[in-house]
Amino acid sequence: MRLAAITILGGLMLAGGAHSDELGDRDAGRKLASQCSTCHGRDGYAQIPIAPHIGGEPAEYIRNQLTAFRDGTREHEMMSIVARMLSDEQIADLAAWYSGHKVQVELKQDPSDAPEQCVACHGADGLHVYKDAPNLAGEANIYIDTQLKAFRNGKREHEIMTPIAQTLSDEEIRAIADWYADIGLTIEMVE
Ligand code: HEC
Ligand code: HEC
């Protein structure tokens, strides 16, 4: 069953949406992104496994997370320092830059095997269904694992994700993280 599904779905490409943010200045964001590129790439494709892909994420989500790191409601030894130096305007510009890239995903498994508790918001293909929720496609399994455990133990808080993560065992978290990590992600940089 699994093998047949792979054969049928192999090479299936699904186009993701490109997002732009009217509020931020993409050109200013492109320049600021030089501060981020060692870890997230200039196109938002992560360069290190502990950092997430941020290219093509909804502008709203990027802005919310940068604001949360700056305000201390989300904490991380690297990102808290980076975000503390950013103004509201710079955050909007960075969100406009990174959200504007085009994302494509390649499903390697049968979409009906997708984690059913997650697809309503993160899609079977790992692309966000609405603008507050991030893409999960192609994130390193270690990143997804870490975030779900952070929601579960209260280190990261969110009214929707906290209760969802609290229902998951370590094994379920690992299986879901592997499922989303296995989706191929390509980010096409839009200048
Ligand atoms: C030294 C590496 C490093 C640099 C430089 C860096 N980041 Fe990050 N970033 C990370 C890591 C690691 C995480 C994951 C944090 C966590 O585990 O909570 C992250 C998380 C994020 C997130 C949250 C994404 C999500 O899916 O939740 C955003 C948005 C982000 N970074 C934007 C930026 C921007 C914009 C810059 C430049 C101004 C930047 N980062 C610079 C390492 C870095
Ligand atoms: C009702 C919608 C909804 C459902 C269902 C849902 N999520 Fe989420 N998820 C969100 C939202 C909204 C966020 C952004 C949280 C924030 O702003 O911190 C999020 C964030 C995340 C993140 C953090 C990603 C990042 O880039 O930092 C992970 C990982 C995640 N969800 C995994 C899951 C998994 C796994 C499931 C299923 C077990 C699931 N979610 C179900 C809405 C949802």
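The structure is a predicted model, in which local features need pLDDT of at least 70 and side-chain atom pairs count only at pLDDT 80 or more, while totals for chains, interfaces and linings use all residues. Residues are numbered from 1 along each chain as its sequence is written, and chains are lettered from A and ligands numbered from 1 in the order in which they are written.

**The whole chain**

Helices (H or I, at least four residues) and strands (E, at least two) are DSSP runs, numbered from the N terminus. From that terminus on, the order of elements is α-β-α-α-α-α-α-β-α-α-α-α-β. Of the 191 residues, 39% count as buried; a residue is buried if 20 or more other C-beta atoms lie within 10 Å of its own, exposed if 12 or fewer, and partly exposed in between, with C-beta atoms placed from the backbone. Among contacts with a separation of 6 or more, 71% join residues 24 or more positions apart. Two residues are in contact if their C-beta atoms, placed from the backbone, lie within 7 Å.

Next, select α4 (59-71). Its 13 residues should span 18 Å at 1.5 Å a residue, and the end C-alpha atoms are 18 Å apart, which agrees; the expected span is 1.5 Å times one less than the number of residues. Display A59, Y61, I62, R63, Q65, L66 and F69, the buried residues of α4. These pack against α5 and α6 (88-99). Just after α4, G72 takes a positive phi of about 90 degrees.

Move to V82 in helix α5. V82 is partly exposed, because 15 other C-beta atoms lie within 10 Å. V82 and L66 are 16 residues apart in sequence and 8.9 Å apart in space, C-alpha to C-alpha.

**The nonpolar cores**

Now show V105, A137, I144, A177, Y180, I183 and L185, which have the most contacts inside the largest nonpolar core, a set of 22 residues. β2, α8, α10 (170-181) and β3 each supply at least two residues of this core, and its largest share, five residues, comes from α10. Apart from it lies another core, of 16 residues, including Y61, A92, A95 and W97. A nonpolar core is a set of buried Ala, Val, Leu, Ile, Met, Phe, Trp, Tyr and Cys residues joined through C-beta atoms within 7 Å.

**Strands β2 and β3**

Select β2 (residues 102-106) and β3, which run antiparallel and are joined by five bridges; strands pair if DSSP finds at least two bridges between them. E106 stands opposite G184 in β3.

Centre on ligand 1, which 19 residues surround, with C36, C39, A51, P52 and H76 the closest. A residue is near a molecule if its C-beta atom, placed from the backbone, lies within 6 Å of it. α3 (37-40), α4 and α5 (79-84) each supply at least two residues of this shell.

Finally, centre on ligand 2: of the 20 residues around it, Q117, C118, C121, A133 and P134 come nearest. Here α7 (119-122), α8 (141-153) and α9 (161-166) each supply at least two residues of the shell.
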